[in-house]
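I opened my notebook to record what I looked up in this model. The entries follow in the order I made them.

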Amino acid sequence: MEKVTIFDTTLRDGEQAAGGTLNVQEKLEIARQLEKLGVDVIEAGFPVTSPGDFEAVRLIAKELRTPTVCVLTHAIIDAVDQSWEAVKGAKQPRIHIVLSSSDIHLFYQLRKNRDEIVKMSVETVKRARKYCSDVEFSAMDASRTEPEFMYRLLEAVIAAGATTVNVPDTVGYAMPPQWGQFIDNIFKNVPNIHQAVVSVHCHNDLGLAVANSLEALKHGARQVEGTINGIGERAGNAALEEIVMALKTREDFFNLTTGIDTTQIYKTSRLVSELTGFAIQANKAIVGGNAFRHSSGLHIDGMIKDAKTYQIIDPKTIGIPAGSLVLGKTSGRHAFRERLAELGYNLSDEGLSRAFAAFKELADKKKNVTDRDIESLVAQDKRAESDAYKLDRIQVTSGDRGIPTSAVTLIAPDGKFKSEAAVGTGPVDATCKVIDKIIKIPGIRLTEFTVNSVTEGIDAIGEVLIRVESEGLSYTGRGAHTDIIVASARAYVNALNRVISARKINSIK
Ligand code: KIV
Ligand code: ZN
């Protein structure tokens, strides 16, 4: 079986999703998990667009040893030079140059003619090849590009040294059979095509990103680009977990393989959702909460007799922990540690002690502590650990007669305790106002507030997601607690910490 190169762009295109900003530490954490997942190429960022991206790429390039680490750059000589500075520490670096090829983009956006596009592409590919032997070229908006020009452009960049040529369906316009034909025609009409790997990068505007990606593989593409959970610009990118599981489940049809350790899919998906703040829809293929749940009596009857009746994938294959073990008040540290290990967490002694204390507090309030509760506790601890300002305590009064009032104490980065009180239209408003009084960031605007319960039941942990906007950028904060006002305070403090940390990085340069 031929192997398909899995190119992950969660940290670049995925992060471009509105509201999906990640900080440097979060990018590094996702990159480490992508390495465990076994992706072949990690597109770590677009370093010329922000100092934060530059730093994230530099750190990822320095640390990761197994995958190729790739940077995206415009087709401008200076941008190629700067991008190389970010990725040069990688064991296997790749420079990825993008330039539009469709007449729509050339005419309305770039105001350049086709000859100029070919020239810029060739020059920048040659420049990139001076730095490294692995150079990818993307013809942006390929699906709306006149085919003859596409062949000419690809032939020119391959002759200039591009080792991978990527044809993106940038606006999600392609239809699967037509897209397959387009790939066939590239093979037929670009004389030097076999000197490069053909790649596809499909967007999901019409819900066809995965179908188009698979179609392209069927027609000879051997690299596929996508993101975890399908996040990305607008309706997102092709969901890599879906592509990988389609290739694996229907090996009989595709006769293709990947280097992915599928047992890491669930964990990677949860981590990306947690850090980007993008919830996974319940009916999402492979990783949605309902993907392996059976509801109708007929289906349950079949499942009891033989899982094959209604299930084409064993949930264990994607790393969903076997059985949903329930811990309770009497469960000790040992049982807790064992379950953490089974869920794939390897905490330090200190981290374990904190997580165990949080577990005991939760078990006092909630009869059954499930795997999802434990995941939520660990994630909350991780966030609080990395936050510069930490929530020490909060006291809130609210009701239909009194004035909602919130009193909060935060621990500042210098270790000092800072307390304030404020009133508001409701307890969450009062809490955000009081936190604003302590962490003074001008011009912060709260744009989204969502509460979800981790499990069913009235005693469930509530997870709050808050998005704020500052200087035109969007930041996400998350917090979890059985009391949703405490969870809201944690989420707001987390969001403001992320604004502070992003500003620090941007002011370093
Ligand atoms: O969608 C697109 O065309 C892109 C390119 C940078 C590959 O993201
Ligand atoms: Zn894209």
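**Entry 1: two helices that cross**

I began with the angle classes: under 35 degrees counts as roughly parallel, over 145 as roughly antiparallel, 65 to 115 as roughly perpendicular, and the rest as oblique. The axes are lines fitted to C-alpha atoms, for helices over the stretch in contact, and the angles run from 0 to 180 degrees between N-to-C directions. Helices (H or I, at least four residues) and strands (E, at least two) are DSSP runs, numbered from the N terminus.

I noted that this is a predicted model, in which local features need pLDDT of at least 70 and side-chain atom pairs count only at pLDDT 80 or more, while totals for chains, interfaces and linings use all residues. Residues are numbered from 1 along each chain as its sequence is written, chains are lettered from A and ligands numbered from 1 in the order in which they are written, and side-chain values use heavy atoms, with hydrogens and water left out.

Then I looked up helix α14 (residues 333-342) and helix α15 (residues 349-365). Their axes come within 11 Å and cross at roughly 110°. The two helices are therefore roughly perpendicular to each other. Which residues make the contact? From α14 they are Arg333, Phe336, Arg337 and Leu340. From α15 they are Asp349, Leu352, Ser353, Ala355, Phe356 and Phe359. Contact means heavy atoms within 4.5 Å.

**Entry 2: the zinc ion**

I asked which protein donors the zinc ion (ligand 2) has. Asp13 lies in helix α1 (residues 10-14) and His203 in the loop between β8 (197-202) and α9 (209-218), so the pair ties together parts that are 190 residues apart in sequence. Donors are N, O and S atoms within 2.8 Å of the metal (3.2 Å for Na, K and Ca); water is not among the atoms, so sites may look incomplete.

Are Asp13 and His203 buried or exposed? Asp13 is buried at 2% relative accessibility. His203 is buried too, at 4%. Buried means under 20% relative accessible area, exposed over 50%, and partly exposed in between (1.4 Å probe, protein chains only).

**Entry 3: helix α10**

I moved to helix α10 (residues 240-249). Eight of its ten residues are buried. Among them are Leu240, Ile243, Val244 and Leu247. The buried residues of α10 pack against β2 (5-8), α9, β9 (223-226), α11 (251-254), β10 (256-257) and α12 (265-276).

I picked Met245 in α10. Its relative accessible area is 2%, so Met245 is buried. Not counting residues up to four places away in sequence, Met245 touches Arg250, Thr262, Ile265, Ile286, Ile313, Thr317 and Ile318.

I checked the loop between β9 and α10, where I found Asn229 and Arg234. Asn229 has a positive phi near 65°, though it is not a glycine. Arg234 is also not a glycine, and its phi is positive at about 50°. Asn229 counts as buried at 13% relative accessibility, whereas Arg234 counts as partly exposed at 48%.

**Entry 4: Ser83**

Last, I looked up Ser83 in helix α4 (residues 77-87). Ser83 is buried, with a relative accessible area of 0%. Leaving aside neighbours within four places in sequence, Ser83 is in contact with Pro47, Val48, Val71, Leu72 and Thr73.
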